[in-house]
Amino acid sequence: MSCDILEMLAEGLNIHPKNVFSKLLMDENSDSVFRVNHYPPCSEIEGLNDNNNNNDLIGFGEHTDPQIISILRSNNTSGLQILLKDGHWISVPPDEHSFFVNVGDSLQVMTNGRFKSVKHRVLANSVKSRLSMIYFGGPPLSEKIAPLASLMEGEDSSLYKEFTWFEYKKSAYKTRLADNRLILFEKIAAS
């Protein structure tokens, strides 16, 4: 499914070959990961409303996914939120029959910012456990991540400097979860 989605994205951007992203996940050295998260119910949040500060009730803190793409499926329990441009968090309605797709930081770089990774988090639920399964599609560690030439108008139009997936992972582990990890690889920051 992740490869099909990536090929549709490439087709939408008029990129050829259309497997330019998906081949990185299909590579035998792909650094893809499958993770299961369990968030037990948190009775302390019963009765709280959106005006209260509930930062202590975060199940998984705000972050973007560093990989190329993430595919998430969860049980029918709320908790997933995304951050809007205006700084407000909104809840993603739970749907146990749907998959949620997140653009990763690496795809943001390879599309030179045409697709953006979205900051998201998980809040604890007061009554029900939340169970989520996530496939993180990552390239091989040695893969060079940079904007595709076909998406740039000139040599100076790249928003990011080139890096390997290993370099990006290494730098990400040195930062806080909520930090903008891409800032270290932006051309403006680099100059």
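This is a predicted model: local features need pLDDT of at least 70, side-chain atom pairs count only at pLDDT 80 or more; totals for chains, interfaces and linings use all residues.
Residues are numbered from 1 along each chain as its sequence is written, and side-chain values use heavy atoms, with hydrogens and water left out.

**Whole chain**

Start with everything selected. Five helices and 10 strands make up the listed elements of the chain; these are DSSP runs numbered from the N terminus, with helices being H or I of at least four residues and strands E of at least two. The radius of gyration is 18 Å, close to the 16 Å of the globule rule for 191 residues, so the chain is as compact as a globular protein of that length. That radius is taken over C-alpha atoms, and the rule is 2.2 Å times the number of residues to the power 0.38. Along its principal axes, the C-alpha trace spans about 55 × 35 × 30 Å.

Colour by burial next. Of the 191 residues, 41% count as buried (under 20% relative accessible area; exposed is over 50%, partly exposed in between; 1.4 Å probe, protein chains only).

**Helix α1**

Select residues 2–12, helix α1. Its buried residues are Ser 2, Cys 3, Ile 5, Leu 6 and Ala 10. They cover an arc of only 160 degrees around the axis, which puts them on the same side of α1. The arc is that of the directions from the helix axis to the C-beta atoms. An α-helix has 3.6 residues a turn, so residues three or four places apart point the same way.

Now look at the face turned away from the buried side. Met 8, Glu 11 and Gly 12 are exposed there.

**The α1–α2 loop**

Step on to Asn 14, in the loop between α1 and α2. Asn 14 is not a glycine, yet its phi is positive, about 60 degrees. At 56% relative accessibility, Asn 14 counts as exposed. Pro 17 lies in the loop between α1 and α2. The peptide bond from His 16 to Pro 17 is cis, with omega near 0 degrees. Most residues other than glycine have a negative phi, and most peptide bonds are trans.

Jump to the loop between α3 and β7 (120–123), the place of Asn 112. Is Asn 112 buried or exposed? At 9% relative accessibility, Asn 112 counts as buried. Its phi is positive too, about 55 degrees.

Move to Arg 121, in strand β7. Arg 121 is buried, with a relative accessible area of 10%. Draw a C-alpha to C-alpha distance from Arg 121 to Ile 145: 25 Å in space, for 24 residues in sequence.

**Helix α4**

Finish at residues 165–172, helix α4. Which residues of α4 are buried? They are Trp 165, Tyr 168, Ser 171 and Ala 172. Seen down the axis, they fall within an arc of 130 degrees, so they line one face of α4. Their cover includes α3, β9 (144–145) and β10 (163–164).

Key. Contact means heavy atoms within 4.5 Å.
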